[in-house]
Protein chains: 2
Amino acid sequence: MRDVSIIGIGQTKVGEHWNRSLRDLAVDAILAALSDASLERAKALYVGNMLGGALSGQQHLGALIADYAGLRGIEALSIEAACASGAAAVRQGYIAVASGLLDSVIVCGVEKMTEEVGSNTTAALAMAGDAEYEVIHGPSFVSLNALLMRRYMHENGLKREDFSGFSVNAHRNAANNPNAMFQRAIKPEVFNRSRMISDPISLMDSSPIADGAAALVLVPTELARGFTDKPVRIAASAVSTDSVALHDRRDLLFLAAAYRSARDAYQQAGIGPQDIDLFELHDAFTIMSVLSLEACGYAERGKGVDLAKNGEISLDGHIPISTMGGLKARGHPVGATGVYQIVEVVQQLRGQAGENQLPDCRLGMAQNIGGTGATVITHIMETGS
Amino acid sequence: MRDVSIIGIGQTKVGEHWNRSLRDLAVDAILAALSDASLERAKALYVGNMLGGALSGQQHLGALIADYAGLRGIEALSIEAACASGAAAVRQGYIAVASGLLDSVIVCGVEKMTEEVGSNTTAALAMAGDAEYEVIHGPSFVSLNALLMRRYMHENGLKREDFSGFSVNAHRNAANNPNAMFQRAIKPEVFNRSRMISDPISLMDSSPIADGAAALVLVPTELARGFTDKPVRIAASAVSTDSVALHDRRDLLFLAAAYRSARDAYQQAGIGPQDIDLFELHDAFTIMSVLSLEACGYAERGKGVDLAKNGEISLDGHIPISTMGGLKARGHPVGATGVYQIVEVVQQLRGQAGENQLPDCRLGMAQNIGGTGATVITHIMETGS
């Protein structure tokens with residue numbers, strides 16, 4: 001198995017792109033990544049996408065986007081694992097390059113959520129849950145997360161205001177990210193007064209519906225220096241799954257798949273949680289940040305919110321998260337998010353994170369979650385040697 | 001890179017399964033394949049599926065099906081390339097095992113086309129075409145193929161009756177396949193009198209809408225003999241793409257991606273078309289059989305129908321196709337088809353094809369096509385040594 005490195009990254013601004021279609025967004029990100037990699041073409045294109053069929057009436061994105069990106073003829077396909085589709089595509093690209101079969105793979109995560117040709121976005125997102133035993137009873141994807149948050153508050157004697165630090169941190173960091181959807185800081189009072197979406201989840205607990213695309217180029221590490229003097233090595237890639245339906249979980253408030261996926265990733269990289277310099281986690285809702293931090297070894301169970309209260313998740317804390325705004329404030333174009341997370345880790349590791357640059361940044365982790373914790377994919381990246 | 005072999009196969013009967021849901025069909029095929037492989041669990045599950053979101057309101061099939069198959073926790077995701085989703089999933093499984101990263105992968109293709117929770121099946125299938133520049137003008141997926149057939153007839157001075165041999169061959173072979181949807185032979189007159197669907201494509205040119213699932217288990221060849229005395233080696237795996245929209249093709253009647261994909265596969269296997277003992281091609285419509293045979297080197301351009309007229313595609317011909325009924329008569333549950341094709345090649349190579357068994361069968365090819373030729377994936381399998 002070959003070692004794999006990232007030599008190029010690209011992204012569109014996240015937001016409501018009324019003048020760009022699904023394929024346009026993907027092409028913008030791909031061309032930016034190829035240009036960043038000083039590469040004209042790659043052997044394959046793996047597209048991470050969840051809602052192209054439901055919202056744009058378009059599947060078969062592999063061949064379509066390859067053609068529109070000027071890459072007609074190359075191997076291309078789509079990969080889907082609900083909101084973890086982006087990292088799932090990265091995972092497949094990593095395996096393909098590691099295998100020795102493909103010397104260069106472009107991975108593109110793309111989502112166009114403001115287009116509602118087929119379904120509506122809320123109904124489409126619920127397809128990440130269990131259609132026959134969960135969604136049929138009426139919950140949206142937000143309300144499934146609300147069940148988790150309510151239970152967590154009950155078990156640990158917390159108020160919804162205890163979660164404000166995650167939202168405040170994400171918005172503060174997004175203010176300096178030109179690609180973020182919401183480039184403005186918020187005060188805790190804005191969170192506290194925020195209107196309720198699905199009690200106890202308020203607007204400010206929730207990542208926004210957004211359009212966007214991010215891309216990266218993978219090559220064998222042994223070839224990476226030929227393209228860039230700042231290659232970023234993939235030190236670990238690990239996937240685990242759990243039941244899709246919440247009611248089938250053995251322990252509602254423990255993300256078992258996140259635990260296993262992070263544990264395997266730490267093992268592959270030969271490190272522990274304390275060695276990670278930044279953690280781009282899946283803050284689709286504040287409760288997901290809390291549960292992820294606990295499952296990945298950063299807090300005891302029931303203590304996750306303390307990390308926000310004590311400032312440990314901020315840029316100068318022990319475990320900075322959402323350093324470019326996270327899903328909450330950079331935005332969450334679902335199938336693209338897993339690729340955005342890794343692109344942002346690469347920005348930090350290369351020293352290209354601008355105002356939000358972390359000092360002495362060597363190891364970054366990205367964790368992408370599908371459903372309410374059913375698919376969890378963890379990657380650890382490190383600066384090239 | 002490691003050599004990869006197939007050690008287990010499973011399939012459901014193709015048909016209208018009103019009492020089995022999408023996940024049930026997948027689980028049936030997976031458990032059959034695991035049992036056939038004498039294996040209890042694998043490292044990963046790759047699901048090939050096109051229409052789960054559109055028709056069953058269910059995405060996130062990787063984690064969902066893994067859980068229902070008793071495999072909770074394993075790596076799992078979905079792969080989509082329109083009607084080539086099945087072979088695309090096999091391709092990813094092949095790469096993962098070849099990489100050295102995963103020692104066993106289950107690939108399952110599944111489709112539930114009789115369920116229309118979200119969209120209707122005809123509209124959903126059109127998502128294999130180009131939504132913005134092709135489907136927006138109204139064509140169904142059948143009528144896109146009708147354009148190809150009409151043009152082919154015009155260019156080559158043919159009547160629609162000239163295509164009957166493909167349908168007759170498929171139905172004759174399906175009569176002996178207990179898993180086929182239509183287990184009955186038809187006479188050429190049935191084809192000739194068949195009612196028109198989208199002129200010149202009649203009902204008997206068309207593969208049926210169907211439910212079904214097929215699965216296979218992949219392991220490194222070096223380990224295969226530990227599980228079975230009849231391993232089947234994957235001698236080649238190749239993908240190529242073309243424009244999704246027909247009007248963007250350089251040559252409407254030449255499947256360039258099929259040509260490239262087959263050429264690369266022949267090269268990998270170190271053989272030529274004349275060495276193939278059976279060819280499970282993508283006979284979604286009779287015109288696709290003709291164009292595939294021409295692109296893969298079995299007939300000159302414009303001469304594809306002669307192979308059927310001269311009996312060369314039948315079980316005792318030079319290049320037997322659709323040996324278990326093909327898409328036309330076994331049935332075409334779209335995302336499952338590419339896996340069914342390979343399962344049937346394995347049946348032939350193992351000597352388990354019953355009444356339809358080919359003598360001295362050593363090399364089989366399967367070719368799965370997405371859209372009207374935009375994604376083409378070719379695998380060549382050979383009997384284990």
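Student: Which residue of S3(B) is the bridge partner of A:Ile79?
Tutor: In this predicted model, the bridge partner of A:Ile79 is B:Ile79, in S3(B).

Student: What makes S3(A) and S3(B) a pair of strands?
Tutor: A pair needs at least two bridges between the strands. S3(A) and S3(B) are joined by 3 bridges, and therefore they meet the requirement. The two strands run antiparallel.

Student: How many residues does each chain give to the contact between chain A and chain B, and which element of chain A gives the most?
Tutor: Chain A gives 52 residues and chain B gives 52 residues. Several elements of chain A each supply at least two residues to its side, among them H2 (52-56), H3 (61-68) and S8 (232-241). S3(A) gives the most, with 6 residues. By class, the side of chain A that touches chain B has 23 nonpolar, 21 polar and 8 charged residues.

Student: How do you know that H3(A) is largely enclosed by the rest of the structure?
Tutor: A residue is buried if 20 or more other C-beta atoms lie within 10 Å of its own. In H3(A), 7 of the 8 residues are buried, so this helix is largely enclosed. The buried residues are A:Leu61, A:Gly62, A:Ala63, A:Leu64, A:Ile65, A:Ala66 and A:Asp67. After H3(A) comes A:Gly70, with a positive phi near 80°.

Student: Why is B:Arg260 called partly exposed?
Tutor: Buried requires 20 or more C-beta neighbours within 10 Å, and exposed requires 12 or fewer. B:Arg260 has 19 inside 10 Å, so it counts as partly exposed. This residue is in helix H10 of chain B, residues 256-269.

Student: Which residues does B:Arg260 touch, apart from those up to four places away in sequence?
Tutor: B:Arg260 touches A:Gly73 and B:Ser240. A contact requires C-beta atoms within 7 Å. As for B:Ala295, its C-alpha atom is 8.5 Å from that of B:Arg260, and the two residues are 35 residues apart along the chain.

Student: What makes B:Leu45 stand out in the largest nonpolar core?
Tutor: The core has 289 residues, and B:Leu45 is one of those that touch the most other members, a group that also includes A:Leu45 and B:Cys108. Beyond four places in sequence, the contacts of B:Leu45 are B:Gly62, B:Ile65, B:Ala66, B:Leu71, B:Ile74, B:Ala76, B:Ile106 and B:Cys108. In soluble globular proteins, nonpolar side chains tend to be buried together.

Student: What are the two domains of chain A, and how far apart are their C-alpha centres?
Tutor: Domain 1 covers 4-120 + 210-224, and domain 2 covers 127-207 + 233-383. Their C-alpha centres lie 22 Å apart. Their contact takes 39 residues from domain 1 and 33 residues from domain 2. On the side of domain 1 that touches domain 2, H4 (85-98) is among the elements that supply at least two residues. H4(A) provides the largest share, 8 residues. That side divides into 25 nonpolar, 10 polar and 4 charged residues.

Student: Which residues meet where H4(A) contacts H14(A), and how many of each class are there?
Tutor: A:Ser85, A:Gly86, A:Ala87, A:Ala89 and A:Val90 of H4(A) meet A:Gly335, A:Ala336, A:Thr337, A:Gly338, A:Val339 and A:Ile342 of H14(A). The classes number 6 nonpolar, 5 polar and no charged residues.

Note on methods. Residues are numbered from 1 along each chain as its sequence is written. Chains are lettered from A and ligands numbered from 1 in the order in which they are written. This is a predicted model: local features need pLDDT of at least 70, side-chain atom pairs count only at pLDDT 80 or more; totals for chains, interfaces and linings use all residues. Domain bounds come from an automatic or database domain assignment. Two residues are in contact if their C-beta atoms, placed from the backbone, lie within 7 Å. Helices (H or I, at least four residues) and strands (E, at least two) are DSSP runs, numbered from the N terminus. Ala, Val, Leu, Ile, Met, Phe, Trp, Tyr, Cys and Pro count as nonpolar, Asp, Glu, Lys and Arg as charged, and the others, Gly among them, as polar. A nonpolar core is a set of buried Ala, Val, Leu, Ile, Met, Phe, Trp, Tyr and Cys residues joined through C-beta atoms within 7 Å.
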